[in-house]
Amino acid sequence: MKRSILAFVVSAALLLIVSLPQLSSAKIVVGLSSVNVAFLPVYVAQEKGFFKDAGLDVVFVMFNAGSTNLQALAGGDIQIMGSAFVETIGGRAAGMDIKNFWGICNLMPFQLYSQPDFKSMKAARGKRFAISRFGSLTDYLTRATLQHFNLDSKDVTILQIGSTPARFAALTAKAVDASIVWFPVTEIAKSQGYTKLLDLKEVFPEWPYETFAARESWLKTEKDQVTKFLQAYQKGVKYTRDNKTDSVKIMQKYVKMDPAYAPAGYDEYRDSFPINGQIAEKVIPQVIAEEAATGRIKRKISLDELIDRSYIQAIGGK
């Protein structure tokens with residue numbers, strides 16, 4: 001009798017286990033600070049199912065600025081942020097345990113365009129400059145551009161407008177005098193007769209444009225998930241670089257880019273996607289020093305505080 005009861009209990013337990021839903025996929029919420037070509041390998045990896053193949057349920061959330069992405073990371077709403085490293089400097093200096101751990105795109109894609117009658121930065125005093133939000137990459141680059149021309153941010157008006165399309169719309173509506181924009185808006189601005197005041201490659205020829213960053217505590221406790229995520233992403237980078245036609249189609253789906261510009265956008269960005277995850281670190285100490293000198297961060301931080309190289313070292317060469 002006891003054996004019969006035991007057999008029944010075991011059988012029932014096995015039946016219960018079989019009938020339970022499969023919960024093998026680990027969910028990771030990733031915030032992206034904008035919709036642009038720099039994240040093309042991210043879109044490719046998602047579209048081709050590389051994250052799913054790695055047993056991950058990766059959800060992407062789009063933000064209109066890096067500063068709001070950082071707030072979501074700080075609040076625990078996302079686990080990883082894909083964003084400009086400048087935002088992570090501010091977060092780390094403010095005491096947040098955030099670290100950049102993988103390079104997404106090493107490129108300086110920005111150009112400063114202005115109204116047709118605004119021909120030179122010599123005429124910048126009193127002008128209105130559009131940025132996405134204070135504390136964002138466009139905020140830093142606008143201030144760095146002013147400094148490059150021996151101007152202070154107090155010499156102009158800096159307005160929070162939003163994403164690149166929103167800033168260009170403000171430019172076309174004459175609500176602002178100038179804005180930093182990226183491809184393909186740069187091509188549109190040129191074709192419509194706006195003035196290119198500066199290609200920021202002249203100021204920053206080497207630039208760690210976008211990186212993956214996360215809370216240091218999460219990176220330490222979720223090594224397996226992070227490793228699987230990066231290996232799947234790495235497949236996305238390789239596929240992107242090796243398959244132009246398919247990658248351009250995916251770019252058009254996610255970025256909603258005009259088909260006339262998409263192939264040129266792919267060509268401009270392709271070589272900037274590091275397969276080994278390397279972050280172009282050279283300029284970062286300069287940015288930290290400038291941010292500290294202007295009082296925008298309360299203390300200087302070191303590269304070692306800002307960057308976790310362990311995943312690059314472990315996965316980058318594979």
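This is a predicted model: local features need pLDDT of at least 70, side-chain atom pairs count only at pLDDT 80 or more; totals for chains, interfaces and linings use all residues.
Student: How is a pair of packed helices described?

Tutor: Two packed helices are described by the angle between their axes and the distance between the axes. Take helix H5 (residues 85–93) and helix H13 (residues 284–293). Their axes come within 11 Å and cross at roughly 50°. That makes H5 oblique to H13.

Student: Which hand does the crossing of H5 and H13 have, left or right?

Tutor: The crossing is right-handed. On the H5 side, Phe85, Val86 and Ile89 make the contact. H13 supplies Ile284, Val287, Ile288 and Glu291. By class, that gives six nonpolar residues, no polar ones and one charged.

Student: Gly90 also lies in H5. Is Gly90 buried, partly exposed or exposed?

Tutor: Gly90 has a relative accessible area of 30%, so Gly90 is partly exposed. Now look along the chain. Arg299 is 209 residues from Gly90, yet their C-alpha atoms are separated by 9.6 Å.

Student: What about the nonpolar cores? How many residues has the largest nonpolar core?

Tutor: The largest has 85 residues. Phe101, Leu141, Trp207, Phe212, Phe229 and Tyr269 have the most contacts inside it. Helix H10 (residues 223–242) gives the most to this core, with six residues. A second, separate core has 10 residues, including Tyr113, Phe168, Leu171 and Val176.

Student: Which residues does Trp207 touch?

Tutor: Leave out residues up to four places away in sequence. Then Trp207 touches, among them, Phe85, Val86 and Val287. Other partners of Trp207 include Cys105, Met108, Leu137, Tyr140, Leu141, Ala280 and Val283.

Terms used:
Residues are numbered from 1 along each chain as its sequence is written. Side-chain values use heavy atoms; hydrogens and water are left out. Axes are lines fitted to C-alpha atoms, for helices over the stretch in contact, and angles run from 0 to 180 degrees between N-to-C directions. Helices (H or I, at least four residues) and strands (E, at least two) are DSSP runs, numbered from the N terminus. Angles under 35 degrees count as roughly parallel, over 145 as roughly antiparallel, 65 to 115 as roughly perpendicular and the rest as oblique. A crossing is left-handed if the near helix is turned anticlockwise from the far one by less than a right angle, and right-handed if clockwise. Contact means heavy atoms within 4.5 Å. Ala, Val, Leu, Ile, Met, Phe, Trp, Tyr, Cys and Pro count as nonpolar, Asp, Glu, Lys and Arg as charged, and the others, Gly among them, as polar. A nonpolar core is a set of buried Ala, Val, Leu, Ile, Met, Phe, Trp, Tyr and Cys residues joined through side-chain atoms within 4.5 Å. Buried means under 20% relative accessible area, exposed over 50%, partly exposed in between (1.4 Å probe, protein chains only).
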